[in-house]
Amino acid sequence: MLMLVAAGRCASFYLSCILILCAVHADEFTANWMGHLLPVIGNQTLLDLSLPGTHDSMTYDLSDWIADGTNDIPAWLADILHDLPPHLVGPFIRSQGQTQWLNVTEQLNSGIRFIDFRIMYTLGEVIIGHKKWYCIHFVQSHKTALTYLKEIKQWVDAHPKEVITLWFSRHGSECKKGNDQYPGVDDKDKQKFWKEVEQLFSGLLLDNRVSSTNKTTLATLIQRNQRVIIYAADYVKFTASSPYALDSCGNFSGIDNQLHGGTGPGNFNSQLNGYANAEKIKQKDQHRNWLYLESTAEGAPKFEIKDAALIEYFPFIDKKKHIEHCAKGFNIPGLTNWCPKILLELSQLCEYYNQRTLEKAYQQVKAGNYSWGLPNAIYTDAVDVNGTVRTGLKIVTAEGEETSKNSHDLTRYAYVDTVLAVNVLLACQGHEGSAQCSSLIKLLDARRAVYPLTLWEQPERGRHVVWPETEAGGFFTP
């Protein structure tokens with residue numbers, strides 16, 4: 001078994017103390033990281049920075065009810081499935097849709113500042129009554145969307161130096177409008193919900209008449225208390241062109257949404273290329289006031305869902321055949337006899353490879369190669385405590401867990417701290433030796449050392465040290 005860890009160890013007593021404090025008080029730091037970094041990043045705009053985010057952020061609380069107008073299937077079929085007893089297929093579909101286990105407060109406390117807030121107007125967990133807005137990922141959430149937004153509002157009120165960004169859509173489509181974005185939903189129902197959002201966050205929303213994401217500094221946004229930025233798909237019909245929202249696909253604002261999640265060489269190299277040119281892309285997008293966003297999440301492929309469903313519901317089939325067929329579909333060397341039963345298993349495999357590209361970007365910036373960087377926001381899966389992503393084998397259960405006999409069951413990587421370190425290094429160009437920059441760089445190095453890049457050889461679960469091959473030739477090295 002081979003383990004590679006991020007370079008740099010705490011050699012001094014000073015750094016050793018920081019390391020201990022980081023482990024004990026991680027939530028306090030990640031929960032207030034903008035405030036802690038403000039002396040260095042306060043003069044940056046949001047479109048200068050990189051925000052750690054979560055993909056399908058609200059899927060930790062999915063029910064077994066298929067939502068009306070849900071993603072990936074025709075609206076008429078979604079309506080029929082919604083009326084079926086949820087126990088028939090709901091639990092399996094939920095298992096193929098859940099990408100997070102931390103609740104939204106825990107995500108924010110772990111340093112997440114970009115929330116992928118997917119919603120739909122649907123009936124609740126009954127087949128009669130009035131429709132309301134729920135969060136969705138094929139199945140709908142237990143609680144209404146407004147309930148989760150109230151939880152976010154409570155957190156924002158308690159953290160006066162933090163700024164968060166949310167993106168409202170049905171299924172991560174920035175430019176779909178009208179019925180294509182929210183099937184069968186009247187404009188009046190969209191705008192009624194938006195008014196409730198405006199009332200909830202009154203005094204906190206970015207007012208695009210006086211502030212902008214590409215010109216207003218972070219310090220000014222905090223001083224103005226405009227600390228909640230919402231990008232809205234179907235902006236005109238959803239918000240009635242409200243000045244308190246940003247169009248996710250407009251002439252004066254938008255989201256440049258790049259989808260580079262996955263375990264294969266193509267996505268791996270796309271991530272590397274994006275990070276290698278991140279500063280150039282950010283400058284281009286900043287000029288038109290667009291947020292450069294990158295998804296490093298992987299949805300369950302159709303072959304995996306089909307094989308997993310056959311294995312789950314058909315006891316007399318040749319399960320070994322379908323497990324092998326599923327494994328083959330991932331095209332990972334040595335992976336021949338494993339099929340993820342739930343999406344989170346695949347998410348953690350994907351994060352194993354995501355840590356490598358993120359670490360590469362950090363190391364390049366650390367070495368002074370400032371053409372490298374990160375997007376304005378990354379949204380990914382399997383985010384864990386202390387701002388980590390889980391790269392190991394064990395899935396978090398509803399009861400949680402913290403012990404395991406397998407050395408790599410609980411392995412994690414310092415996702416949030418690595419993103420923050422890149423922000424600080426880029427903001428400190430030319431004055432890395434200043435007291436503020438030096439202390440923050442040392443602090444983040446110490447924090448990253450708690451959850452370093454960790455690679456091991458376990459092909460039967462899809463994990464390799466020197467795969468996949470890069471476009472430049474040869475295999476990736478951290």
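**Cores, surface and strands**

Modeller: The largest nonpolar core has 118 residues, and those touching the most other members are Phe117, Ile119, Leu149, Leu166, Phe168 and Phe193. Please bear in mind that this is a predicted model.

Biologist: Which residues is Leu149 in contact with, leaving aside its neighbours within four places in sequence?

Modeller: The general idea is that nonpolar side chains tend to be buried together in soluble globular proteins. Here, with those sequence neighbours set aside, Leu149 contacts Phe117, Leu166, Phe168, Phe193, Val197, Leu200 and Phe201. There is also a second, separate core of five residues, among them Leu62, Ile93, Phe138 and Val139.

Biologist: Which residues make the nonpolar surface patch?

Modeller: Leu88, Val89, Tyr313 and Phe314 make a patch of about 350 Å². Val89 is located in the loop between α4 (75-82) and α5 (90-95). Its relative accessible area is 34%, so Val89 counts as partly exposed, a class that lies between the cut-offs of 20% and 50%.

Biologist: How should I read the two faces of a strand, and what is the case for β10?

Modeller: In a regular strand, side chains alternate between the two faces of the sheet. From β10, Trp290, Tyr292 and Glu294 point one way, while Leu291, Leu293 and Ser295 point the other way, and all are buried. Because six of the six residues of β10 (residues 290-295) are buried, this strand is largely enclosed by the rest of the structure. Strand β1 (residues 51-54) is likewise covered on both faces: Leu51 and Gly53 are buried on one side, and Pro52 and Thr54 on the other.

Biologist: Which strands does β10 pair with?

Modeller: Strands of a sheet pair through backbone hydrogen bonds, in either a parallel or an antiparallel sense. Six bridges link β10 with β9 (residues 254-259) in the parallel sense, and Gln258 has Glu294 as its bridge partner. Three further bridges join β10 to β11, also parallel, with Ser295 opposite Tyr379. Tyr379 of β11 is also the bridge partner of Gly53, as β1 runs parallel to β11 (residues 377-380) over four bridges. Two bridges join β1 to the parallel strand β3 (residues 114-122), where Gly53 is partnered by Phe114.

Biologist: In what order do the strands of the open sheet lie?

Modeller: The three strands follow the order β12-β13-β14, with antiparallel pairing. Strands β12 (383-384) and β14 (412-413) are the edges, each pairing on one side only. Two bridges connect β12 to β13 (residues 388-390), and Val383 has Val389 as its bridge partner.

Key: Residues are numbered from 1 along each chain as its sequence is written. This is a predicted model: local features need pLDDT of at least 70, side-chain atom pairs count only at pLDDT 80 or more; totals for chains, interfaces and linings use all residues. Side-chain values use heavy atoms; hydrogens and water are left out. A nonpolar core is a set of buried Ala, Val, Leu, Ile, Met, Phe, Trp, Tyr and Cys residues joined through side-chain atoms within 4.5 Å. Buried means under 20% relative accessible area, exposed over 50%, partly exposed in between (1.4 Å probe, protein chains only). Contact means heavy atoms within 4.5 Å. Patches are made of residues with over 30% relative accessible area and no salt bridge: like charges are joined within 9 Å, nonpolar side chains (Val, Leu, Ile, Met, Phe, Trp, Tyr) within 5 Å. Accessible areas come from the Shrake-Rupley method with a 1.4 Å probe; for residues, only the protein chains shown count as cover. A salt bridge is a side-chain nitrogen of Lys or Arg within 4 Å of a carboxyl oxygen of Asp or Glu. Two strands pair if DSSP finds at least two bridges between them.
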